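Good morning. Please have the sequence and the model in view.

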Amino acid sequence: MSAIRLSPAAAILRHGVLVLTSAFILVPFVWMVSLSLKSPGEIFRATFSVLPAQFYGVDNYAKAITSVPLPRYMGNGLLVCALILAAQILVCAPAAYALAKLKFWGRDFIFAMVLVGLLLPHQVLSLPSFILCYKLGILNTYLALVIPYVVSPFGIFLFRQFFRKIPDDIVHAARLDGLTELAIVWKIMVPMALPAVIAFSIFSVVAHWNDLFWPLIAVRDGHLMPAPLGIMAFKNEEAGNDYGPLMAASTLVVAPLLIAFLAAQKWFVEGMTGGSVK
Amino acid sequence: MSGIAIRNIRKSFGATRVLHDVSLSIADGEFLTLLGPSGCGKSTLLRILAGLEVQDTGSIEIGGRVVDGIRPKRRDVAMVFQSYALYPHMSVAANIALPLRMRRLSRAQRLPLIGRWLPGSGPVISGIEMEVSRTAEALGIAHLLNRRPGQLSGGQRQRVAVGRAMVRHPAVFLMDEPLSNLDAKLRVQMRAEIKDLHRRLGVTFVYVTHDQAEAMTLSDRVVVMRDGEILQVAPPQEIYADPNDMRVAEFLGSPKINMVDATMREPGLVDLAGSALPVACEIAPGSKFTVGIRPEAFQFAEHPGPGVITGSVRMVEHMGSDLFVYFDPCGLEHPLIARLSAERAPHIVAGQTLHVSVRPDQLLVFNRDGRRVRARDVSRTNPSTPVREWA
């Protein structure tokens, strides 16, 4: 497909729209970073400048790290995200393989149920999940943060779409070569669907790193809180007026995601455009 | 040792019946080709042999052992796929080694990184590496072992697929149109290599193709299939010269066999394309049937006469040693094709009148159902001498 040449007016208009929409998304971030570098007095000044008049960053970031156990919260987040992601891949890949490549009675119905699961927001399930965790006696533990997310309909759907594009002959060859069905999943399908796995990982990690709603319900112990919940605790503690350290903490929480996304951007795009992978 | 017996296999996909009661026995070390147009069930039969599909009824025996319900990896068969089905994320060496690793190493020994250092795995792994490099050398792909399949040409991928199949010394080789993704020149070369491979390994080969040239050149016996049925099983020469069924005669041979409607005038003489030709089989006078004449069965004749077909030439194709002459005998809707030797036939041009003769034994007679009527079959169809069935 050749690029379509736009007239200068149309090009300006198009870029204008793009700049405006990206500004909508980027301004809060820039503002956050900017506030995290300013002194309390400057934050509430009527005029706005991106760069601080008086560099207060060191104090804000030091306070963010020391006044609440932010490293602990981030460590919790990391642990929970890693556990969720590992469990999700462990569950989704075999399930998606079965839906994509095996023939069994009721397969289409089960896949329809997966699609229904895809439509349900997690908040709808929070009450049943809470009761489940209560009955299992795992409330206020790491497990309570992980268990409700172990089965991801989105992961099953994404993997299934990818696995379906892998030719049946490869599965047949693997069976003849002596691989068990599970070995086919882990040795053949998952490596061949690596872009999808990486794209899914990014989605999963972003969603659960930023999740506030469920941890708020599931854990009360400060030692178990993931980062967003920790930031909230921070805000309460500081009575809501010490925005500099709050924004510094927020910046620190968001930073790992930005870095991870930039590092994996190539695979992310590839995974989302699915069919282009041979 | 590793012959195959296929008994009464039936298979349907939903409402579509793919195989109707197919039975076949394959000798140990034989090169057997399943030949037929696409959709005739030949690939399905091969997949049933491999255990990748399950038959609805019937039974398969490989090497004297009934293998129904036995998983593909326990059947001692290897398969080469049309798409090669190489694992794109593994190197050529890893592709070829995988069947051996799965068979010789325990689950723990196959673990990445750690497996190599577990007790007992060292010698096995180096044994596998040696066999992989020996196989690669035999196929001329030793220099490609570290590449990925995506970096190889079609012919090289094909060799890797063959290597992966042969490395574990299976009793039976199954090949599903392995050459159809290659260009014409490479196909001829690989055809010779497969023939040579069969000679060296001496194991049973079952080869699926829709290409008659592959079937004719490679096989000990050819199985012609159509619509889920076996039409004929015979050595290549026989299947060409002595087909059982009109569909077999039409599928084999290029240019295609001429099929002409004919009427029996009197015993031993048939009305065909405006001429009376002597024919070897005895059919009741007045009955209608079809006669098949291979293009090369026509002989150039100087003059019209008894047993000579006459027509005007529509088109001539020069093929070097041969001429393909399309001519219209009177009373026929479609032209006949004659393959005449360029030396023996003088300069033939479109529009001229052509005389050709045919030897009586080269007329293939088919009845209304498309079944072949042979000279020796006559006594059997005669109601006065019933054939006794020994049950």
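Start at α2(B), which bends by about 45 degrees at Leu98(B), with a proline, Pro99(B), following within four residues. The bend at a residue is the angle between axes fitted to the seven residues ending there and the seven starting there. Helices here are DSSP runs of H or I with at least four residues, strands are runs of E with at least two, and both are numbered from the N terminus.

Two remarks on what you are looking at. This is a predicted model, in which local features need pLDDT of at least 70, side-chain atom pairs count only at pLDDT 80 or more, and totals for chains, interfaces and linings use all residues. Residues are numbered from 1 along each chain as its sequence is written, while chains are lettered from A and ligands numbered from 1 in the order in which they are written.

Back to the helix. α2(B) has 13 residues and reaches 19 Å from its first C-alpha to its last, close to the 18 Å expected at 1.5 Å a residue. The expected span is 1.5 Å times one less than the number of residues.

Which residues of α2(B) are buried? They are Val92(B), Ala93(B), Asn95(B), Ile96(B), Ala97(B), Leu98(B), Pro99(B) and Leu100(B). Buried means that 20 or more other C-beta atoms lie within 10 Å of the residue's own; exposed means 12 or fewer, partly exposed is in between, and C-beta atoms are placed from the backbone. Those buried residues pack against α3 (121-138) and α4 (154-166) of chain B.

Next, the interface between the chains. 16 residues of chain B are in contact with 13 residues of chain A, where contact means that the two C-beta atoms, placed from the backbone, lie within 7 Å. On the chain B side, β6 (77-80) and α2 (92-104) each give two or more residues, and the largest share, four residues, comes from α2(B). That side divides into twelve nonpolar, two polar and two charged residues. Ala, Val, Leu, Ile, Met, Phe, Trp, Tyr, Cys and Pro count as nonpolar, Asp, Glu, Lys and Arg as charged, and the others, Gly among them, as polar. For the complex, the predictor gives an ipTM of 0.81 and a pTM of 0.80.

Now chain B as a whole. It has nine helices and 20 strands, and 37% of its 391 residues count as buried. Its mean pLDDT, the predictor's confidence in each residue from 0 to 100, is 85, and 95% of its residues reach 70 or more. Over residues 377-391 of chain B the pLDDT is below 50, and this stretch has four contacts beyond near neighbours in sequence. Where pLDDT is low, the predicted coordinates should not be read in detail.

Last, chain A. It has 14 helices and zero strands, and 34% of its 278 residues are buried. It is divided into domain 1 (8-63) and domain 2 (68-276), with bounds from an automatic or database domain assignment. Twelve residues of domain 1 of chain A are in contact with eight residues of domain 2 of chain A. On the domain 1 side, α1 (8-35), α2 (40-43) and α3 (57-67) of chain A each give two or more residues. By class, that side has seven nonpolar, three polar and two charged residues. The centres of the two domains, taken over C-alpha atoms, are 31 Å apart.
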